[in-house]
Amino acid sequence: MAELRGTTNGPVLTRWFGTDDLHRIDVYERLGGYVALRKAITTMTPDQIVQEIKDSGLRGRGGADFSTGVKWSLMPKESAVPMHLVVNADESEPGSAKDRYLMENSPHMLLEGVGIAAYAIRSHQAWIYIRGEYDLPFARLTAGIEEMRAKGYLGPKPFGADWELDIRIFRGHGAYICGEEGALLESLEGKRAQPRAWKPPYPAQKGAWGRPTTVNNVETISTVPFIIDRGAAEYAKFGTEKAKGTRMFTVSGHVQRPGNYEMEIGKTYRDLIEGLAGGALPGRTIKCWWPGGSSSPVMPGDLLDTTTDLDGIKNLANLKDHPAPPLNMGGRGFATMGGSGGVIVMDDTFCAVKAAHRLLQFYAHESCGKCTPCRVGGNWAVRAYDAILSGNGGPQEIKILERVQEGLQGGRCLCGLGDAAGWVIASSLTHYRNEYEEHALHNVCSAEKVGMAANA
Amino acid sequence: MGVLSDHVMEEIRALPPQFPEVRSAVMPALDLAQEEIGYLTPEAMSDVAAALNLDPGYVEGVATFYTLFHTEPTGKHRLYMCTNISCKLRGADDLLEHAMRSVGVHEQGEVSADGLFSVEAVECLGACEYAPMMRLDHAYHYDLTPEKVDELITARRNPSPPVPARQTKPRTPRRQKTDG
Ligand SMILES: Cc1cc2nc3c(=O)[nH]c(=O)nc-3n(C[C@H](O)[C@H](O)[C@H](O)COP(=O)(O)O)c2cc1C
Ligand code: SF4
Ligand code: FES
């Protein structure tokens, strides 16, 4: 396996990382693994577990930031049909690699969490939906499930308790939209992955195969064993008043030490990017960074002191004083979000317009085509960027981008992909309008000049 | 007459009981078909549909939605080069071109004359800390440089011992590109 890039011996999720063969069940158990699952199944009721998770303050790490305990409590306590836990291991958000890091190195932490979560929501059959390209994580999880079965932790009587548990894996086949939970469930049912119009009934009533279902992210579920083992209070010691715990960040792009870092929530992006990831490459300056995957609005380099306690999508106080003229971010004023924790760093040698162009190509390519603004808008934007960057653009292309970003945002699209595409344009235009104008009006790329000087 | 072998058809028929509903077996079944004959021909899709008792149009609709299903021939070794933002910031575009030159193709999806390779630019593969990177023969390859790409290609041209790839049966001649 490749050299580990990221936190080892961290506070919660990565506390055993760095131990040889951590992916093997005997090693994992020697360190204290499966104590939590045994405790949960043999000494706690499902409701006690849900309460413990609520008390811990854990919120979903898949991007939506919703309370995990509350989500679990929405599941029915009785059901005539089977209920399911579905783990979202589709991780395809550009800039995010943390779920892969967790599954590859510590598959049993996820599997133990799956057992606890399934028990808590009264599900006997849990599914892990993993993206098809993740060969090693798939192999590790498959081997892990076999090891669990051999020990009797899966099957009719895990730890001697009268409570059957089964974990199954479903491989995706390459489509970003499968990470959206409605699309994921469609895909699991063997269909084209198109998001569902989420109005009642919600997945807790009718999810996978029409059955009550809870969907949670890999990191969310991997955190559960720590909370059950040590108690909610121990977990809640980390973090801030509102946002508890630690979380994984992937730092990539123009930094000295790209990697997957576990950090306490409430520290700043400067702590992460300049501290853990070593900061800008020698002689370069950080121009901008995306806090939570390419879908989170981009932030200028002078705002690195932003807290990682990003409450979903919220207005950032310090942005109000920022000189960049705010664009209408779906009526929210200017905002960003913690998203998936995939922090992408770009320095002054790279062009903001080219970066946005690449991301719009991504969103246009991955649009499932269900809503018009998303299906059509993405391609319009790509064509406008093509024109601007090839020297064939003018003020009208910038106008097109402004119109398209409006159309994509503010609930006009069924799922978050459309909004995300709009945010890419809006936030990039807000902070780097000068680069757009240089390209569109004068066919000049100032970043390229910086890049050439840096490489000279 | 079907194109899938009896044992693959048998494996496909054994899939549905693993799922609450038969449709969930479509993608695993298409996987088996693609493993066997390299890519999904209309005949292969209709075999899958027959084995699962589903409408062939439905099966094709699923196959064409997902990028890991190929309805055109591909090389025996597929280079899936990540060109999304984190890899692009670290030189993925140049590497993509280099890889295409090295295997001797002019465009993405084209199969090299020896049938060994095809190259595809893909979206983020979730290994951004190792950018630039690619997936090749069911494994990730990290911190790529032109030299590393060439080594991987050479090792597959002159396998000693053979580099494992998908098992493929002989098939009809591949789409060839003329110079232009
Ligand atoms: C376009 C789109 C892509 C998404 N991709 C992922 C993903 O790859 N992994 C993930 O866990 N959540 C993803 N989500 C969020 C899921 O819809 C869902 O909120 C999440 O899996 C719930 O788990 P959590 O509560 O543990 O965060 C995505 C959402 C959207 C709109
Ligand atoms: S916003 Fe885009 S990806 Fe989401 S459902 Fe609509 S068309 Fe599909
Ligand atoms: S952008 Fe290439 S692996 Fe994520």
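User: How many residues surround ligand 1, and which are the closest?
Analyst: This is a predicted model. In it, 19 residues surround ligand 1, and the closest are Gly62(A), Lys71(A), Asn216(A), Asn217(A) and Thr220(A).

User: What does the side chain of Asn216(A) do there, in terms of distance to an oxygen atom of the ligand?
Analyst: An N or O atom in the Asn216(A) side chain lies 2.9 Å from an oxygen atom of ligand 1. A polar side-chain atom of Asn88(A) is also 2.9 Å from a ligand oxygen. For Glu91(A), a polar backbone atom is 3.4 Å from an oxygen atom of ligand 1.

User: How much of the ligand's accessible area does the protein cover?
Analyst: 88% of the 620 Å² that ligand 1 has on its own.

User: Which element gives the most to the shell?
Analyst: β4(A), with three residues. Both β4 (213-217) and α16 (416-442) of chain A give two or more. By class, the shell has four nonpolar, nine polar and six charged residues.

User: Switching to the interface. How many residues of chain A are in contact with chain B?
Analyst: 59 residues of chain A contact 41 residues of chain B. The buried area is about 3900 Å², with 57% from carbon and sulfur atoms. His173(A), Arg192(A) and Arg358(A) supply 20% of what chain A buries against chain B, more than any other three residues.

User: How many salt bridges across it?
Analyst: Four. One of them joins Arg5(A) to Asp143(B), with the closest N and O atoms 2.5 Å apart. There are also 29 residue pairs in polar contact across the interface.

User: And which element of chain A gives the most to that side?
Analyst: α13(A), with eight residues. The side of chain A touching chain B has 25 nonpolar, 18 polar and 16 charged residues.

Notes. Residues are numbered from 1 along each chain as its sequence is written. Chains are lettered from A and ligands numbered from 1 in the order in which they are written. This is a predicted model: local features need pLDDT of at least 70, side-chain atom pairs count only at pLDDT 80 or more; totals for chains, interfaces and linings use all residues. Side-chain values use heavy atoms; hydrogens and water are left out. A residue is near a molecule or strand if one of its heavy atoms lies within 4 Å of it. A polar contact is a pair of N or O atoms within 3.5 Å; within protein, one must be able to donate a hydrogen and the other to accept it, and residues adjacent in sequence count only if both atoms are side-chain atoms. Accessible areas come from the Shrake-Rupley method with a 1.4 Å probe; for residues, only the protein chains shown count as cover. Helices (H or I, at least four residues) and strands (E, at least two) are DSSP runs, numbered from the N terminus. Ala, Val, Leu, Ile, Met, Phe, Trp, Tyr, Cys and Pro count as nonpolar, Asp, Glu, Lys and Arg as charged, and the others, Gly among them, as polar. Contact means heavy atoms within 4.5 Å. Buried area is the accessible area (1.4 Å probe) that two parts lose on being put together, summed over both. A salt bridge is a side-chain nitrogen of Lys or Arg within 4 Å of a carboxyl oxygen of Asp or Glu.
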